[in-house]
Amino acid sequence: MTEQSTDLRETVRRRYAAAAVQVTEGGTACCGPAAIEIDDNFGSALYTGDERDTLPADAVAASLGCGNPTAVADLHEGDRVLDLGSGGGIDVLLSARRVGPTGKAYGLDMTEEMLALALANQKKAGATNVEFLKGTIEAIPLPAATIDVVISNCVINLSTDKQAVFTETYRVLVPGGRIGISDVVADDTLTPEQRAERGDYVGCIAGALSFTEYRTGLEAAGFMHIEITATHSVADGMHSAIVRAVKPLTNGAGAAPLATAACCTPAEEATDPAATPAETKAAAACGCES
């Protein structure tokens with residue numbers, strides 16, 4: 001890692017550590033802590049009232065994301081979910097409810113203060129199928145092929161090595177695993193310098209990839225069925241976007257997809273018992289219709 005990258009990571013760490021402390025020490029009002037003051041395009045306002053009401057106030061107040069990845073990640077009972085840059089734990093706790101007692105939700109964060117806040121929120125929520133990990137999103141501290149779904153909320157944009165994030169995400173996903181990410185993405189016409197003019201790095205703007213760069217990075221990591229959909233503008237030429245992609249069901253590099261033999265049968269039964277028919281069809285690209 002270059003000296004500049006190290007400095008940027010430390011700047012990001014300090015910003016989010018301060019945010020965690022603000023929530024932890026600043027919440028003394030009768031109705032709970034005040035949300036961190038940020039733009040309307042970011043934070044807890046992007047979640048429904050029902051979602052906010054089911055969570056500890058500190059988890060809601062510490063929300064700094066640009067979207068709501070749990071609303072688009074297609075989570076199922078029993079899924080193992082990993083949230084990259086989990087902060088105060090809002091998306092981890094929402095995911096834990098969605099995957100139920102047979103599933104598990106992991107949160108990964110590099111900031112001690114955010115991890116402490118997340119653990120406190122987990123205790124308040126009584127979530128037993130949750131685990132928070134310390135580490136960086138460029139070197140995920142989990143074994144390969146152990147996660148069904150990776151989510152993230154406006155955090156990959158903060159990384160100084162986004163290709164490493166994509167590669168690590170691909171590594172920890174099971175074959176047929178998927179991503180449902182919210183992130184800031186730039187118009188292809190904007191140069192890195194123009195993106196930097198629109199906001200500071202820790203504000204999630206300056207480090208944004210373009211739509212083409214994001215797609216190219218995911219493809220280079222091995223992902224397929226990539227969808228990048230802008231949801232709302234966060235600055236001129238900069239957008240909050242939903243990013244979806246699938247890790248193919250393969251035997252390895254260049255191998256034919258697994259579980260394709262039965263994916264187009266009338267019964268639509270996957271030959272891989274761990275995959276649903278929908279996942280099999282998506283990963284195999286066999287053109288079946290439900």
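A residue is called buried if its relative accessible area is under 20%, exposed if over 50%, and partly exposed in between (1.4 Å probe, protein chains only). Cys 154 counts as buried, at 1% relative accessibility. This is a predicted model, in which local features need pLDDT of at least 70 and side-chain atom pairs count only at pLDDT 80 or more, while totals for chains, interfaces and linings use all residues. Residues are numbered from 1 along each chain as its sequence is written, and side-chain values use heavy atoms, with hydrogens and water left out.

Let us stay with Cys 154 for a moment. Cys 154 is not a glycine, yet its phi is positive, at about 60°. Cys 154 sits in the loop between S4 and H6; such labels number, from the N terminus, the DSSP runs that form helices (H or I, at least four residues) and strands (E, at least two). Asp 74, also not a glycine, has a positive phi near 55°. Asp 74 belongs to the loop between helix H3 (57-61) and S1, and at 43% relative accessibility Asp 74 is partly exposed.

Next come the aromatic rings. Rings of Phe, Tyr and Trp (its six-membered ring) pair if their centres lie within 6.5 Å; planes under 30 degrees apart count as stacked, over 60 as edge-to-face and the rest as tilted. By this rule there are two aromatic pairs. In one of them, Phe 166 and Tyr 214 have ring centres 5.2 Å apart and planes at 45°, so the pair is tilted. Phe 166 is in helix H6 (residues 162-172) and Tyr 214 is in helix H8 (residues 211-221), so this pair ties together parts 48 residues apart in sequence. Tyr 170 and Phe 223 also have ring centres 5.2 Å apart, but with planes at 90°, so this pair is edge-to-face. Here too distant parts of the chain are linked: Tyr 170 is in helix H6 and Phe 223 in the loop between H8 and strand S7 (224-235), 53 residues apart.

| Residue | Relative accessible area | Class |
|---|---|---|
| Phe 166 | 3% | buried |
| Tyr 214 | 1% | buried |
| Tyr 170 | 19% | buried |
| Phe 223 | 5% | buried |

Now for the strands, which pair if DSSP finds at least two bridges between them. Strand S8 (residues 238-246) has eight of its nine residues buried, so the strand is largely enclosed by the rest of the structure. Strand S5 (residues 173-186) pairs with S8 in the antiparallel sense over nine bridges, and Arg 178 stands opposite Val 246 in S8. S7 also pairs with S8 in the antiparallel sense, over eight bridges, with His 232 opposite Ser 240 in S8. S7 and S8 form a hairpin with two residues between them, and Gly 237 in the turn has a positive phi of about 80°.

In soluble globular proteins, nonpolar side chains tend to be buried together. A nonpolar core here means a set of buried Ala, Val, Leu, Ile, Met, Phe, Trp, Tyr and Cys residues joined through side-chain atoms within 4.5 Å. The largest nonpolar core has 30 residues, of which Leu 82, Leu 84, Ile 179, Tyr 214 and Phe 223 touch the most other members. Among the elements that give two or more residues to this core are H6, S5, H8, S7 and S8. A second, separate core has nine residues, including Val 92, Ala 118, Val 130 and Phe 132.
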